[in-house]
Amino acid sequence: MLTELKVGDTAPDFSLLDEEGRPVSLKDFLGKNVVVLYFYPKDFTSGCTTEACSFRDNYKPFEEKGAVVVGVSVDSVESHEKFSDKYNLPFDILSDEKKEVAKAYGVLGFGGFIAKRVTFIINKEGKITHIFPKVDVKQHSEEVLRAIEEIK
């Protein structure tokens with residue numbers, strides 16, 4: 001059964017390997033940064049590439065707002081490394097090959113094979129402030145930036 005998270009819930013902690021094989025945990029950012037945790041289905045697919053590049057192209061405003069962007073899919077560290085290098089992504093993308101984090105966030109879909117495209121904004125205290133279950137990959141980073149401005 002998938003978890004049904006809602007705004008106001010404490011975000012489930014996680015520790016996953018990034019595109020360089022380094023562990024990254026949610027607790028690394030608590031007290032310091034707002035976290036944009038975006039799940040996506042698959043490296044190198046058109047929608048996922050468009051979404052990642054949109055976050056890349058708008059990354060400076062996220063940094064200026066004290067936010068970090070973290071992408072998660074069930075692809076391997078090796079796939080993430082190639083994807084990140086090819087598109088010069090300035091943020092971490094994490095490998096959830098065991099699908100545990102996708103399950104914890106309730107975003108494992110498509111027969112349990114890949115993550116659905118869902119974004120969570122998590123405040124510095126670890127609470128979910130926004131959930132975006134429907135994403136327009138071209139406009140999404142701007143939509144997320146506007147939502148971060150609402151966080152106090």
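Me: Before I look at any residue, what does buried mean here?
Reply: Buried means under 20% relative accessible area. Now the case. This is a predicted model. In it, both Tyr 38 and Phe 91 are buried.

Me: How do I read an aromatic pair, and how many does the structure hold?
Reply: Two rings pair if their centres lie within 6.5 Å. The structure holds 14 aromatic pairs. One of them joins Tyr 38 and Phe 91, with 6.1 Å centre to centre and 70° between the planes. That pair is edge-to-face.

Me: Where do Tyr 38 and Phe 91 lie?
Reply: Tyr 38 lies in strand S3. Phe 91 lies in the loop between helix H3 (77–87) and strand S5 (92–95). The two parts are 53 residues apart in sequence, so the pair ties them together.

Me: Are Phe 83 and Tyr 87 buried or exposed?
Reply: Phe 83 is buried, with a relative accessible area of 0%. Tyr 87 is buried as well, at 19%.

Me: Which residues form the aromatic cluster?
Reply: Both pairs belong to one cluster. Its members are Tyr 38, Tyr 40, Phe 44, Phe 55, Tyr 59, Phe 62, Phe 83, Tyr 87 and Phe 91.

Me: What about a charged residue such as Glu 19? Where is it found?
Reply: Look in the loop between strand S1 (15–17) and strand S2 (23–25). Glu 19 is buried yet has no salt bridge. A salt bridge needs the charged atoms within 4 Å. The nearest side chain of opposite charge, Arg 22, is 4.1 Å away.

Me: Which backbone nitrogen lies 3.0 Å from a polar atom of the Glu 19 side chain?
Reply: That of Ile 93. Leaving aside neighbours within four places in sequence, Glu 19 is also in contact with Phe 91 and Asp 92, among others. Val 77, His 80, Glu 81 and Ser 84 are on that list too.

Me: How does Leu 30 read: where does it lie, and what does it touch?
Reply: Leu 30 lies in the loop between S2 and strand S3 (34–39). At 35% relative accessibility, Leu 30 counts as partly exposed. Not counting residues up to four places away in sequence, Leu 30 touches Asn 123, Lys 124, Glu 125 and Gly 126. Leu 30 and Gly 126 are 96 residues apart in sequence, but 6.1 Å apart in space, C-alpha to C-alpha.

Methods
Residues numbered from 1 in each chain as written. Predicted model: local features only at pLDDT ≥ 70, side-chain atom pairs only at ≥ 80, totals over all residues. Heavy atoms only, no water. Helix = DSSP H or I, 4+ residues; strand = E, 2+ residues; numbered from the N terminus. Buried < 20%, exposed > 50% of the residue type's maximum accessible area, 1.4 Å probe, protein only. Lys, Arg positive; Asp, Glu negative; His and termini not counted. Polar contact = N/O pair within 3.5 Å; in protein donor to acceptor, adjacent residues only side chain to side chain. Contact = heavy atoms within 4.5 Å. Phe/Tyr/Trp six-rings, centres within 6.5 Å; stacked < 30°, edge-to-face > 60°.
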